[in-house]
Amino acid sequence: MNPVFDTTRTDTQTDHVGRLMDAMEATQDATARAAKDTMLTPRFYTTDFKAMDAIDVSPVRAEWDKLMAEYESDNNQDHFKRDAAFAEEFKVLLPQLSPELRQEFEDFLISSCTSEFSGCILYNEIRKKVNNPDIKQLMAYMARDESRHAGFINQSLKDFDLGINLGALRKNKAYTFFKPKYIFYATYLSEKIGYARYITIFRQLERHPDKRFHPIFRWFERWCNDEFRHGESFALIMRAQPHLLKGVNKLWIRFFILAVYATMYVRDHTRPMLHEAMGFKSTEYDYAVFRITSDICRQVFPVEVDIDHPVFRRCMDRLLAISLENDKARARGGVVGALQRAGCGVRAFFTFARLYTLPVIKRELPKEIRMAPVW
Ligand SMILES: [Fe+2]
Ligand SMILES: [Fe+2]
């Protein structure tokens, strides 16, 4: 008999079904939250697969082959498994999470899982659609890693009854088309910023173990080395095509750096409690991440934004204030809300334009492309 219609079921069974239905709703809710596209949520991408197929990595062959050997040795093969201590630690720490911190942490997990899965889908699509053996092999390795990462976070979401239905997300989320060169700039940055974010958290909690409010943070050190390596792959791809790093493309690079930094700054400041629980202020955390990312990007980007420029800092804060006003206007709704949102859009545009016109620091590209994750 279908247990839902079993009239003889006990209260305990009713509770069980109720909990199951709550969990299903929570999963749908988490999947819907992950599928939602706003300026601040991670997106899914698609690209020109023919152009991807034509990439020639022979100018960086020696470094490329070394990198492929690293992927092949797969030193994180056994890493993304939860040990017995994980469950124990989670049981002890869960009751200590305030509802507000729990909410921010859940958002962090959903957005991180979506972003890991976004990489997994893109790399896997490229793998399937190209014949070029170098690119096919690289994409297979990176999709392997990202699928482990997304799966590992999703397990933690399930602890909160919030597991994302990744199959449904793949089907339902909108895909943004990016030309390969934009994929290289954006994905390189997001891999390196991902490394910088994870290592900054890991080092902070290494110094302050009492602030480690969830066991997943113990996994971040070896995890971020995967992200670092993914970034190295895109650095080699771009250095193999030097025209991507010259002339008008320098303007695109500047645009992507600023867009990625600004998005991260605004999004992170919507989770102040999360950073406070780790002993950070959001601003301090973000500038630590910007600094590491900017240092790394010197391997490939001939321009660097000046994160210490007072106007840069002012514009970041202004974008944050505009985003908060925009949220209020959205909540208000109606004609007034719509007008206010339009005003926010115009002001955000001019603030970003101001950021864009700031002088950049010019960098000579180093002879040796590869870097080590030493932070
Ligand atoms: Fe990842
Ligand atoms: Fe990655």
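Donors of a metal are N, O and S atoms within 2.8 Å of it (3.2 Å for Na, K and Ca), and because water is not among the atoms, sites may look incomplete. The structure is a predicted model in which local features need pLDDT of at least 70 and side-chain atom pairs count only at pLDDT 80 or more, while totals for chains, interfaces and linings use all residues. Residues are numbered from 1 along each chain as its sequence is written, chains are lettered from A and ligands numbered from 1 in the order in which they are written, and side-chain values use heavy atoms, leaving out hydrogens and water.

Glu 146 bridges the iron ion (ligand 1) and the iron ion (ligand 2), which are 3.4 Å apart. Helix α5 (residues 99-129) holds Glu 116 and helix α9 (residues 220-240) holds Glu 227, so the pair ties together parts that are 111 residues apart in sequence; helices (H or I, at least four residues) and strands (E, at least two) are DSSP runs, numbered from the N terminus.

Buried means under 20% relative accessible area, exposed over 50%, and partly exposed in between (1.4 Å probe, protein chains only).

Rings of Phe, Tyr and Trp (its six-membered ring) pair if their centres lie within 6.5 Å; planes under 30 degrees apart count as stacked, over 60 as edge-to-face and the rest as tilted. The whole structure contains 43 aromatic pairs. One of them, between Phe 44 and Phe 117, is edge-to-face, with 6.0 Å centre to centre and 65 degrees between the planes. Phe 44 belongs to strand β1 (residues 44-46) and Phe 117 to helix α5, so this pair ties together parts that are 73 residues apart in sequence. Phe 44 is buried at 0% relative accessibility, and Phe 117 is buried at 9%.

The nonpolar core comes next. Such a core is a set of buried Ala, Val, Leu, Ile, Met, Phe, Trp, Tyr and Cys residues joined through side-chain atoms within 4.5 Å. The largest one has 112 residues, of which Ile 216, Phe 217, Met 238, Tyr 261, Phe 301 and Phe 312 touch the most other members. Helix α8 (residues 180-207) supplies the largest share of this core, 15 residues. Of the 28 residues of α8, 24 are buried, so the helix is largely enclosed by the rest of the structure. Leaving aside residues up to four places away in sequence, Phe 301 touches Tyr 185, Tyr 188, Leu 189, Met 238, Leu 245, Ile 253, Ile 257, Arg 363 and Leu 365, where contact means heavy atoms within 4.5 Å.
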